[in-house]
Amino acid sequence: MSVVKSFFFFGPFLFGIAFLAPLVAQVMLRLDLNAPFSLSPLQFGLIIGTVLGLIATYRGKWI
Amino acid sequence: MTSQSLRAREKAIADQFTGGIPWLMVFWGITNTAIWFALWPLVFTGIMPLWLGFIIATINITASYLPSHDAQHYIIAPKGSKLEWFNELVGHWSLIPLTLPLRTARITHMEHHKHANDPLLDPDYSTHATGPLHAIWKTIANRQPRAEGGFNRYGQLLQQWDSPAAKSALNDAIVSKTLFFGILAALALSGYAIEAALLWWLPRHLALTYISFYLSWAPHHPGVEKGRYKDTRAFKSRMGNIWSSGMQYHIIHHLYPTIPLNKTPAAYRALRPILLERGCNLDNM
């Protein structure tokens with residue numbers, strides 16, 4: 001059970017990189033938006049997903 | 001009239017509304033999930049626009065709980081009967097879009113019936129709120145990663161109960177949650193993140209908000225009293241009975257959980273005089 005708890009503890013981080021990151025990238029491509037600093041959509045998505053996921057993991061809440 | 005004879009009369013009336021297979025709920029449960037599954041190839045192949053798929057998926061997932069709720073109570077077929085497998089099939093199948101396993105839903109829901117409005121023992125107590133906006137906020141707050149309410153509360157209680165049934169329900173919940181996020185991630189990494197978000201992830205959140213509001217908060221509000229005739233109520237919904245998922249008559253369900261959802265309005269009308277004598281909160285219904 002402790003392994004499962006640890007896995008779910010990091011769930012927001014995993015959700016951030018495995019779901020939010022590609023979601024952000026694909027929304028940008030669909031809307032033809034450019035990422036800042038010459039980043040690719042996926043790089044930008046990974047930054048957003050990682051940061052949001054880490055914050056949610058630390059705080060225990062997304063909002 | 002004594003309390004015992006009143007109870008006997010109440011039961012005699014309620015018995016008129018029990019028994020038989022509630023085919024409406026069976027049809028609803030089977031077709032609802034089938035439609036939700038059909039959305040994926042329809043949207044992926046471009047036959048259906050994503051915005052339409054999103055609307056239908058939101059309706060599907062919102063409507064996915066109630067057929068399983070009848071199955072949780074073995075209304076579709078009694079436990080131990082030849083058709084129990086059919087009851088379980090409908091219960092499991094209808095809940096797929098919501099990613100709430102039947103055994104998890106059943107065991108926690110039965111405890112809710114036993115201990116409705118008890119802050120420590122009612123698994124659904126975390127939906128209690130002071131008003132509609134607060135109720136919506138509570139359901140969102142309960143879904144945060146380390147929230148103490150909502151499905152996290154189910155997990156805590158399942159660990160506390162420590163029975164074989166609770167362990168099975170907990171395992172189901174772990175597998176279900178892992179599969180849900182695993183499938184979302186697989187779809188996203190395959191280039192279908194927007195489709196996954198709009199056919200499953202966001203509709204599920206909207207559905208859980210609705211379900212928590214209308215199926216848990218509204219029928220129990222203010223939720224301060226306990227006991228057979230006090231722990232829930234009848235109420236007039238601004239959305240009407242159908243759009244509030246039949247919850248205007250939730251008091252009937254708590255009194256007689258084996259009455260199918262679609263028969264609770266008629267049962268309510270028949271039982272109303274007795275409920276008034278019992279001092280139930282009927283909200284002028």
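Confidence is considered before geometry. The model scores ipTM 0.95 and pTM 0.95. For chain B the mean pLDDT is 96, and 100% of the residues reach 70 or more. Where pLDDT is low, predicted coordinates should not be read in detail.

Chain B is built from twelve helices and zero strands, so that its elements, read along the sequence, follow the pattern α-α-α-α-α-α-α-α-α-α-α-α. The C-alpha trace of chain B spans about 70 × 40 × 35 Å along its principal axes. A compact globule of 285 residues would have a radius of gyration near 19 Å, and the 19 Å of chain B agrees with that expectation. Of the 285 residues in chain B, 44% are buried. Among contacts in chain B with a separation of 6 or more, 65% come from residues 24 or more positions apart.

Chain A has three helices and zero strands, and its elements run α-α-α from the N terminus on. The C-alpha atoms of chain A fill a box of roughly 45 × 20 × 15 Å, taken along the principal axes. Buried residues make up 25% of the 63 residues in chain A. Of the contacts in chain A between residues at least 6 apart in sequence, 63% join residues at least 24 apart.

The two chains meet in a contact that takes 13 residues from chain B and 15 residues from chain A. On the side of chain B that touches chain A, ten residues are nonpolar, two are polar and one is charged.

The largest nonpolar core has 63 residues, of which F19(A), A188(B), A196(B) and I252(B) touch the most other members. Helix 9 of chain B, residues 164–220, gives the most to this core, with 17 residues. Apart from that core lies another, of seven residues, among them F151(B), Y154(B), A169(B) and A173(B). The surroundings of A188(B) show how the chains come together at one position: not counting residues up to four places away in sequence, A188(B) touches A18(A), F19(A), P22(A) and L23(A) from chain A, together with A193(B) and A196(B) from chain B.

Helix 1 of chain B, residues 3–15, has 13 residues and reaches 18 Å from its first C-alpha to its last, close to the 18 Å expected at 1.5 Å a residue. Of those 13 residues the number buried is one, so helix 1 of chain B lies largely in the open. Helix 12 of chain B, residues 264–277, contains E277(B). With 14 other C-beta atoms within 10 Å, E277(B) is partly exposed, because that class lies between the limits of 12 or fewer for exposed and 20 or more for buried. E277(B) and A129(B) are 148 residues apart in sequence, and their C-alpha atoms are 28 Å apart in space.

The backbone also deserves attention. Most residues other than glycine have a negative phi, and most peptide bonds are trans. Against that background, a cis peptide bond joins H221(B) and P222(B), with omega about 5°. P222(B) is found in the loop between helix 9 and helix 10 (240–243) of chain B.

Two serines have a positive phi. In S38(A), phi is near 60°, and the residue is found in the loop between helix 2 (11–31) and helix 3 (41–59) of chain A. In S245(B), phi is likewise near 60°, and this serine has its place in the loop between helix 10 and helix 11 (250–255) of chain B. Are these two serines buried or exposed? S38(A) counts as exposed, because it has 7 C-beta neighbours inside 10 Å. S245(B) counts as buried, because it has 22 C-beta neighbours inside 10 Å.

Conventions
Residues numbered from 1 in each chain as written. Chains lettered and ligands numbered in written order. Predicted model: local features only at pLDDT ≥ 70, side-chain atom pairs only at ≥ 80, totals over all residues. Contact = placed C-beta atoms within 7 Å. Nonpolar A, V, L, I, M, F, W, Y, C, P; charged D, E, K, R; others polar. Helix = DSSP H or I, 4+ residues; strand = E, 2+ residues; numbered from the N terminus. Rg over C-alpha atoms; globule rule 2.2 N^0.38 Å. Expected span 1.5 Å × (residues − 1). pLDDT = per-residue confidence, 0-100. Core = buried A, V, L, I, M, F, W, Y, C linked by C-beta atoms within 7 Å.
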